[in-house]
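Take a look at the sequence and the model below. This report walks through a few places in the chain, one at a time.

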Amino acid sequence: MALRTLNAKNAGALDKDLMSIGAFSLDQLMELAGLSVSQAVYRVHPPSNGRKILVACGPGNNGGDGLVAARHLWHYGYQPTIFYPKQSKSDLYERLATQLKNLDVPFTEDFNGSLKTTDHVVDAIFGFSFSGEVRDPFKDPIIAMETTKVPVLSVDAPSSWSIEDGPPASGPGAKFHPATLISLTAPKPLVKHFTGTHFVGGRFIPQSVAEKYDLDIPDYQGVDQIAEIGGTGTEAKKEKVVGLAERQGYDVRESTIEAVHNALYSDLTSCRSLVESFIARIEAYNPTINAIITLNPNALSIADEKDYALAAGNATGALFCIPVLVKDNYDTSDMNTTGGCLDLANSQPTVDAAVVTALKNAGAIILGKTNLHELALEGLTVSSLGGQTVNPYDHTRTPGGSSGGTGAAVAASFAVFGTGTDTVNSLRSPASANSLFSVRPTRGLISRAGIIPISFTQDAIGPIARIVDDLAVALTVMASVGYDPDDNATALIPFSSVGQDYSAALYGGSLKGMRFGLVEGFFNRTASNETTPVNQVFNGVNATLTNAGATVVTITSNIFNSTAISNAFDTQRFEYRQEMDTYLSRASLQGTHPSTLAELYSSGKYLVIPSQYSYVDTSLVSSTDNITYAGIKLGIQNLTVALENTFKAHSLDALIYPEQANLVVKIGSPSQSGRNGILAAVTGFPVVTVPAGFSPSTADAPVGIPIGMEILGMPWTEARLLNTAKLIAEVKRVRRMPKGTEAAVESVRLGEVPKIVPDTRDIPRAYPVGIL
């Protein structure tokens with residue numbers, strides 16, 4: 001049924017009865033109303049959709065509801081800004097404003113300017129008592145809300161609307177139709193003109209008052225202060241109340257650390273339900289994209305332990321109950337570590353990698369392990385054990401790599417974030433190809449102990465996430481290992497980077513005045529369907545940065561040529577055999593596995609793509625004792641000096657360039673061509689990768705193919721790079737969900753964690769197994 005409405009006269013009388021019969025004070029009613037408004041915002045615009053909320057407050061009670069809602073939104077993890085041009089001198093309203101100022105919530109007098117950078121608007125200007133003509137200072141904001149594409153939620157009544165007759169016939173507000181309306185206590189007659197999402201918030205009305213005014217009280221569910229309903233009159237729909245009992249679990253799509261914690265601590269979900277929801281998505285979509293090698297058989301029991309801790313008030317850790325996927329070259333004591341290689345299928349570490357221990361200590365749940373290009377040697381993400389992983393944005397293309405399983409899985413919301421490794425491109429390539437963020441840290445910042453190795457010089461590890469905020473939390477946890485005697489590169493960490501909280505670095509700052517060096521040598525300017533979209537996206541990046549007040553300097557030095565750098569300075573072939581032989585001979589590595597790299601490549605149970613046959617053959621007979629190796633290391637030192645000189649000569653804050661000069665390659669391609677990761681790999685400089693744009697949509701790629709940008713900084717400047725990435729992400733919002741995995745998936749109660757069987761039938765014939 002549709003709920004009965006409450007006219008203006010009765011609405012005013014109802015408020016008086018609530019304060020007399022109901023014994024509520026005005027500030028209590030305002031608190032309850034503001035709480036309802038905040039829940040409605042959270043329902044229609046979760047933090048993963050953008051945290052910037054512009055709250056427009058009028059001088060009366062409606063404005064007070066908006067102030068209370070803003071305070072709650074801040075505690076939910078949003079970033080509210082208050083437009084409150086006619087601030088009341090009443091003690092109640094002054095205290096509400098002070099509460100917000102104590103939280104450093106900004107107040108603005110420029111509604112239109114703030115609207116340009118916000119993600120959602122709360123219209124709390126006029127309530128049900130409004131009548132007459134709209135006057136300044138609210139005239140322009142209402143006109144702006146009429147035309148903006150930013151979604152608007154109106155409190156009790158869209159500002160300028162008559163409670164009885166709806167929008168005015170002309171003037172400001174005549175065409176104002178907000179996306180969402182929350183009616184406080186009961187719907188008003190104006191809802192017959194409203195066609196958007198409609199909530200009622202009034203879970204405080206005594207039954208005697210409801211009966212006096214003949215009100216219909218919705219069946220509020222769980223801890224909800226709101227109920228979603230249909231309209232009335234000609235546009236009426238069947239009443240629909242959405243609460244905990246009717247939800248298909250917490251919606252984990254595009255979930256963030258902050259959003260998950262808000263849901264957990266608000267009793268909107270449980271840790272077990274979260275894990276079951278992510279597993280449901282994996283079961284639904286992994287058969288298509290083939291990103292997962294195995295799930296953690298203990299994930300549900302670990303989640304239950306977290307729920308017990310939560311109930312006891314002992315929920316601790318920056319990653320409490322955050323489901324994380326790790327690349328299957330990270331040692332895990334509760335799952336085999338295979339590197340995607342059939343000959344390592346039964347290799348079982350008895351000790352976690354140092355960073356896996358750090359993740360667990362921070363409260364994370366290691367949900368499972370992701371596919372990778374076998375042994376992390378290339379970027380196509382195909383392996384003899386895991387098969388071919390598919391890009392969720394275009395099923396004819398690879399997901400980048402070697403950490404492509406993590407990239408595809410995080411893009412498809414199989415976990416909150418994931419981890420990868422990077423010897424040349426392998427964190428940045430999948431981030432670029434899946435519209436994600438990643439960080440390759442300065443060499444030595446994060447311990448690599450317990451990671452299947454390739455190159456002591458070039459190996460790095462780090463997180464891959466959907467937003468910069470999660471990247472910063474993950475980096476903070478992973479870097480918390482600090483100095484590790486099992487990875488002597490960690491002795492390089494300067495005191496200023498020890499124990500650093502990278503999340504704190506995200507706040508403040510400005511692109512205005514920054515200087516970026518655009519590396520021309522990392523582009524392919526030959527026009528084609530594969531290169532032109534990248535060049536066009538970077539034309540847009542250049543314009544965005546310039547419009548934000550930054551300076552972009554074109555760097556034309558001929559030292560910046562990825563092919564030349566790789567040919568001259570790549571150390572992998574000298575270090576690979578020695579590093580792997582050491583890893584395979586460790587006492588902590590149990591199960592059935594080869595004891596040397598040569599034994600592995602004699603087994604017939606491996607996959608090497610043809611373009612790497614000579615690399616592997618050379619690696620098996622090379623070592624760091626080769627005379628050539630010393631010359632390469634000296635050349636890297638010279639390149640490092642040249643790179644530092646580029647920064648100083650041009651007074652640069654960072655270098656920027658496409659991670660890949662062309663679109664991520666098709667499945668079956670000879671290699672992942674066109675990538676630019678080698679500069680950071682050999683010099684050890686840090687890089688943050690950010691989504692830069694998309695190619696035009698096609699039948700194979702309905703939302704386009706993601707294109708990423710590397711931001712390279714000086715050593716130990718991860719905090720500055722993350723801040724820069726956050727600023728760029730705020731002025732250029734890029735990320736889109738993959739079309740093929742965007743639908744919600746209903747979760748079910750699980751008795752045990754299901755077993756995942758990777759699909760190896762899809763390995764392209766171009767990559768024969770067991771051939772070298």
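## Charges over rings

Arg448 lies over the face of Phe456, 4.9 Å from the ring centre. Lys101 has its charged end over the ring of Phe107, at 5.2 Å from the centre. To count, NZ of Lys or CZ of Arg must be within 6 Å of the ring centre and within 35 degrees of the ring normal.

This is a predicted model: local features need pLDDT of at least 70, side-chain atom pairs count only at pLDDT 80 or more, and totals for chains, interfaces and linings use all residues. Residues are numbered from 1 along each chain as its sequence is written, and side-chain values use heavy atoms, with hydrogens and water left out.

## Rings that pair

How many aromatic pairs are there? The count comes to twelve. Rings of Phe, Tyr and Trp (its six-membered ring) pair if their centres lie within 6.5 Å; planes under 30 degrees apart are stacked, over 60 edge-to-face, and the rest tilted. Here are two of the pairs.

| Pair | Type | Centre to centre | Angle between planes |
|---|---|---|---|
| Phe83 and Phe111 | edge-to-face | 5.3 Å | 65° |
| Tyr393 and Phe694 | tilted | 5.8 Å | 55° |

Tyr393 and Phe694 link distant parts of the chain, 301 residues apart. Tyr393 is in the loop between β14 (387-388) and α12 (404-411), while Phe694 is in strand β22 (residues 687-694). Helices (H or I, at least four residues) and strands (E, at least two) are DSSP runs, numbered from the N terminus.

Phe83 sits in strand β2 (residues 79-83) and Phe111 in helix α5 (residues 111-115), so their pair ties together parts 28 residues apart in sequence. Both Phe83 and Phe111 are buried. Buried means under 20% relative accessible area, exposed means over 50%, and partly exposed is in between (1.4 Å probe, protein chains only). Tyr393 is buried too, with a relative accessible area of 2%. Phe694 has 10% relative accessibility, so Phe694 counts as buried.

Tyr42, Tyr76 and Tyr78 form one aromatic cluster.

## Annotated positions

UniProt places the feature "binding site" (unreviewed entry) at Asn62, Asp123 and Ser159. These positions spread over 98 residues of sequence, yet they cluster in space, with a largest C-alpha distance of 10.1 Å. UniProt positions follow the numbering used here, feature names are shortened, and annotations may be inferred rather than shown by experiment.

Is Asn62 buried or exposed? Asn62 is buried, because its relative accessibility is 8%. Asn62 lies in helix α3 (residues 61-75). Not counting residues up to four places away in sequence, Asn62 touches residues including Asp123, Phe126 and Asp156. Contact means heavy atoms within 4.5 Å.

Ser159 is in the loop between β5 (152-155) and β6 (180-184). At 0% relative accessibility, Ser159 counts as buried. A polar atom of the Ser159 side chain lies 3.0 Å from the backbone nitrogen of Phe126. A polar contact is a pair of N or O atoms within 3.5 Å; within protein, one must be able to donate a hydrogen and the other to accept it, and residues adjacent in sequence count only if both atoms are side-chain atoms.

## A serine in a strand

Ser383 is found in strand β13 (residues 382-383). Ser383 is buried, with a relative accessible area of 0%. A polar atom of the Ser383 side chain lies 2.8 Å from the backbone nitrogen of Gly386.
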